[in-house]
Amino acid sequence: MSKRSRFQFLRVSVGLRTPGTPGGCRTGAVQSRRDMALRLARLGAGPGWHALRSDYGQLRAWSPRGASARVRQLPGTAGTQSRRGLGHSPSAGGGTWLGTGLAAALAGLAGLAAAAFGHVQRAEMVPKSSGARSPSPGRREEDGDELARRCSAFMSSPVTDLRELRKRPEDMKTKMELMIMDIQAQVCRALAQVDGVADFSVDRWERKEGGGGITCVLQDGRVFEKAGVSISVVHGNLSEEAANQMRSRGMSLTKKDGKLPFTAMGVSSVIHPKNPYAPTMHFNYRYFEVEEADGGTHWWFGGGCDLTPTYLNQEDAVHFHRTLKEACDKHGPDIYPKFKKWCDDYFYIVHRGERRGIGGIFFDDLNVPSKEEAFRLVKTCAEAVVPSYVPIVKKHCDDSFTPQDKQWQQLRRGRYVEFNLVYDRGTKFGLFTPGSRIESILMSLPLTARWEYMHSPPENSKEAEILEVLRHPKDWVH
């Protein structure tokens, strides 16, 4: 798409039209293009990535000139917050309790994405009144402020008020929140650049029990059927059920005035491309703290990144795993093998006798060797998301495919749904947690899937090839 047409094309998505306007967003299109140009200009210094067209290539710094998608403000949110950033997507991850308790906090309570056809269901959101706000160029306090400049490149301002973040720059909660905001912006820009047509809707929401989040969703694009990247930063008191689950894992927790205050935050994403030869990908990175009566805290990190292809491509599998291994190896040679096996074991569909995909890395309850070193590992792994995945999508998004290829993709998506609804501990916990945002919990599911009675692919077919790998995981990097 030419640079001129990028600014002329203002897509009207179902569910994103201005209420009461028959033509949706057609009115004010000229002003919208001007506003978008200003947004693009502000992002010049923002972090991001742009993958070369040829094969996997190398990733180079992203430039606003190469961007083609836009950020869309959701109906009913005008005036609540100013949006920044460029639009360009616990879902699948689980684990021990973090796959239940924290995933529930992040997926169920925090709300990870939008409902179908571009709507973001707001029934369980409360209006944003004070707290997090976008950096304002007119405020002298923020002029020349490094934090404000960093935040100007995000999809929206942080959940936590900048004044609070300035008060505790070395606190892990501050570092983690800014890191996941960075990752959200990087991934959204990269995905929108690949898609070239669809918008990311950006929605800020608040959890009445404490905290809130930022949900970015792209749907029905040229390349992506559904892509969501969500931030959540929530706090409050652990339920008795959650506390008991933690105690069952050997954690000794002492209540403070009859309560267990907690903080949970993370970034989570699920990406479903349209083309059967472009794989689905999921990632999630999170941090959790529980405060005890004596003032001490239990803390840990969790997360991972995994690939779910419809058809096996050896080069893609090697590239994906090698990129993740290189990230893990920066922190120790034994990390990738451990996390890779953990991933293969977790994403296992017992009743099918196969894995959901070809794996990646997965870990939970990480609290060694120190908080700072664990954070550096999580940050390195999160920064590997774009280079591990985006080149694969760029390589295959325009591949030709047959109706039979698409049908197999639909069947494999059925297996994806089965895992998430039957085995994923975060999804199950969220569905049974009072007050959970159901549409957000189910964000990980594809728009379409298929189940056929007694379906079995022909022997020695390319469909049978992927099943062999799903039943017997491979070592892709040695």
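Start by selecting Pro369, in the loop between strand 12 (359-366) and helix 10 (371-383). Helices here are DSSP runs of H or I with at least four residues, strands are runs of E with at least two, and both are numbered from the N terminus. Now show the backbone of Val368 as well: a cis peptide bond joins Val368 and Pro369, with omega at about -5°. Most peptide bonds are trans.

A word on the model before moving on. This is a predicted model, in which local features need pLDDT of at least 70 and side-chain atom pairs count only at pLDDT 80 or more, while totals for chains, interfaces and linings use all residues. Residues are numbered from 1 along each chain as its sequence is written, and side-chain values use heavy atoms, leaving out hydrogens and water.

**The whole chain**

Zoom out. The chain has 15 helices and 12 strands. Of its 478 residues, 58% count as buried. Buried means under 20% relative accessible area, exposed means over 50%, and partly exposed lies in between (1.4 Å probe, protein chains only). Colour the surface by element: the accessible surface comes to about 19500 Å², and 52% of that belongs to carbon and sulfur atoms. These areas come from the Shrake-Rupley method with a 1.4 Å probe; for residues, only the protein chains shown count as cover.

**Two loops with positive phi**

Most residues other than glycine have a negative phi. Select Asp220, in the loop between strand 5 (211-219) and strand 6 (224-237). Asp220 has a positive phi of about 55° and is not a glycine. Its relative accessibility is 36%, so Asp220 counts as partly exposed.

Next, select Met454, in the loop between helix 14 (438-441) and helix 15 (462-471). Phi of Met454 is also positive, near 55°. Is Met454 buried or exposed? Met454 counts as exposed, at 67% relative accessibility.

**Aromatic pairs**

Show the side chains of Phe, Tyr and Trp. Their rings (the six-membered ring for Trp) pair if the centres lie within 6.5 Å; planes under 30 degrees apart count as stacked, over 60 as edge-to-face and the rest as tilted. By this rule there are 17 aromatic pairs. Take Phe262 and Phe288: their ring centres are 5.7 Å apart and their planes meet at 15°, so the pair is stacked. Phe262 lies in strand 7 (residues 261-273) and Phe288 in strand 8 (residues 280-291), so the pair ties together parts that are 26 residues apart in sequence. Both Phe262 and Phe288 are buried.

Move to Trp299 and Phe301. This pair is edge-to-face, at 6.0 Å centre to centre and 75° between the planes. Trp299 is buried, with a relative accessible area of 16%. Phe301 is buried too, at 0%.

Which residues form one aromatic cluster? Select Phe283, Tyr285, Phe339, Trp342, Tyr346, Phe347, Phe362, Phe363, Phe419 and Tyr423.

**A lysine over a ring**

Centre on Tyr311. Lys462 lies over the face of this ring, 4.8 Å from the ring centre. A charge sits over a ring if NZ of Lys or CZ of Arg is within 6 Å of the ring centre and within 35 degrees of the ring normal.

**A helix pair**

Select helix 8 (residues 314-329) and helix 11 (residues 385-396). They pack at an angle of about 160°, with their axes 8 Å apart. Axes are lines fitted to C-alpha atoms, for helices over the stretch in contact, and angles run from 0 to 180 degrees between N-to-C directions. Helix 8 and helix 11 are therefore roughly antiparallel, the term for angles over 145 degrees. Helix 8 passes helix 11 in a right-handed crossing. A crossing is right-handed if the near helix is turned clockwise from the far one by less than a right angle, and left-handed if anticlockwise.

**Contacts across the sequence**

- Pro279 is in the loop between strand 7 and strand 8. Pro279 is buried, at 3% relative accessibility. Its C-alpha is 8.8 Å from that of Tyr389, 110 residues apart along the chain.
- Arg412 is in helix 12 (residues 403-423). Arg412 counts as buried, at 8%. From Arg412 to Trp451 is 8.9 Å, C-alpha to C-alpha, across 39 residues in sequence.
- Met179 is in helix 6 (residues 172-195). Met179 is buried, at 2% relative accessible area. Met179 and Val378 are 9.7 Å apart, C-alpha to C-alpha, and 199 residues apart in sequence.

Notes: Parallel < 35°, antiparallel > 145°, perpendicular 65-115°, else oblique.
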